[in-house]
Amino acid sequence: MSLRGFATLNIWADDVEAATAWYADFLGVEAYFMRPGPDGRPAYTEFRIGDYQAELGIIDRRYAPAGTTTGPGGVIMHWYVDDLDATVERLLAMGATEYQPITPQGDTGFITASVVDPFGNVLGVMKNPHYLDVLASLKAT
């Protein structure tokens, strides 16, 4: 068995409603799904975004597995963006903090950056020529 593709990226937030509003503002789309917790407040919301309608879910931190860190760390999922500089600038203006500055990865056009959102999650963004090549080949078929 092999990994077949990215399905859902889940992040944690103490205040799912505030995190959902922040991401809706950043992404320019509203969450398409919301599940309330026992107190009626959102416990999980989900967005579908990008060329492949990838799912970004926000889960109430109280449902995190035992031992989950509350600070940034671990795997960084990098989202492709058309304008890396403008995206990073906007994220910082919206209250995110720099985690990794804009960093060229060699000389082949791969450039990464990451921020910590106001809810403690690492959000990676990047320029990736491979992404555009794959997208073009899929659209050609």
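**A walk through the loops, patches and salt bridges**

Phe119 counts as buried, at 16% relative accessibility. Buried means under 20% relative accessible area, exposed means over 50%, and partly exposed lies in between (1.4 Å probe, protein chains only). The model is predicted, so local features need pLDDT of at least 70 and side-chain atom pairs count only at pLDDT 80 or more, while totals for chains, interfaces and linings use all residues. Residues are numbered from 1 along each chain as its sequence is written, and side-chain values use heavy atoms, with hydrogens and water left out.

Start at Phe119. Phe119 sits in the loop between strand S7 (111-116) and strand S8. Helices (H or I, at least four residues) and strands (E, at least two) are DSSP runs, numbered from the N terminus. Now look across to Thr70. Phe119 and Thr70 are 49 residues apart in sequence, yet their C-alpha atoms are 9.2 Å apart in space.

Which side chain reaches the backbone oxygen of Phe119? That of Arg61 does, at 2.7 Å. Arg61 belongs to the loop between strand S4 (54-60) and strand S5 (78-80). Arg61 is buried too, with a relative accessibility of 16%. The Arg61 side chain also makes a polar contact with the side chain of Asp14, at 3.1 Å. A polar contact is a pair of N or O atoms within 3.5 Å; within protein, one must be able to donate a hydrogen and the other to accept it, and residues adjacent in sequence count only if both atoms are side-chain atoms.

Next, follow the chain past S8. Asn128 lies in the loop between strand S8 (122-127) and helix H3. Its relative accessible area is 15%, so Asn128 is buried. The Asn128 side chain reaches the backbone nitrogen of His130 at 2.9 Å.

Helix H3 spans residues 129-140 and holds Val134. Is Val134 buried, partly exposed or exposed? At 30% relative accessibility, Val134 counts as partly exposed.

Gln53 comes next. Gln53 is placed in the loop between strand S3 (42-49) and S4. Its phi is near 50°, a positive value in a residue other than glycine. Most residues other than glycine have a negative phi. With a relative accessible area of 44%, Gln53 is partly exposed.

Asp85 lies in helix H2 (residues 84-93). Asp85 is exposed, because its relative accessible area is 52%.

How many salt bridges does the structure hold? There are six. A salt bridge is a side-chain nitrogen of Lys or Arg within 4 Å of a carboxyl oxygen of Asp or Glu. One of them pairs Asp25 with Arg90, with the closest N and O atoms 3.9 Å apart. Asp25 lies in helix H1 (residues 16-27) and Arg90 in helix H2, so the pair ties together parts that are 65 residues apart in sequence. Asp25 is partly exposed at 48% relative accessibility. Arg90 is partly exposed as well, at 35%.

Another bridge joins the side chains of Asp39 and Arg62, at 3.5 Å from N to O. This pair links distant parts of the chain, 23 residues apart: Asp39 in the loop between strand S2 (33-36) and S3, Arg62 in the loop between S4 and S5. Asp39 is partly exposed at 41% relative accessibility. Arg62 is partly exposed, with a relative accessible area of 41%.

Finally, take Arg48 and Glu55. They form a salt bridge whose closest N and O atoms are 3.4 Å apart. Arg48 is partly exposed, at 40% relative accessibility, whereas Glu55 is buried, at 18%. Elsewhere, salt bridges that share partners join Asp39, Arg41, Asp60 and Arg62 into one network.
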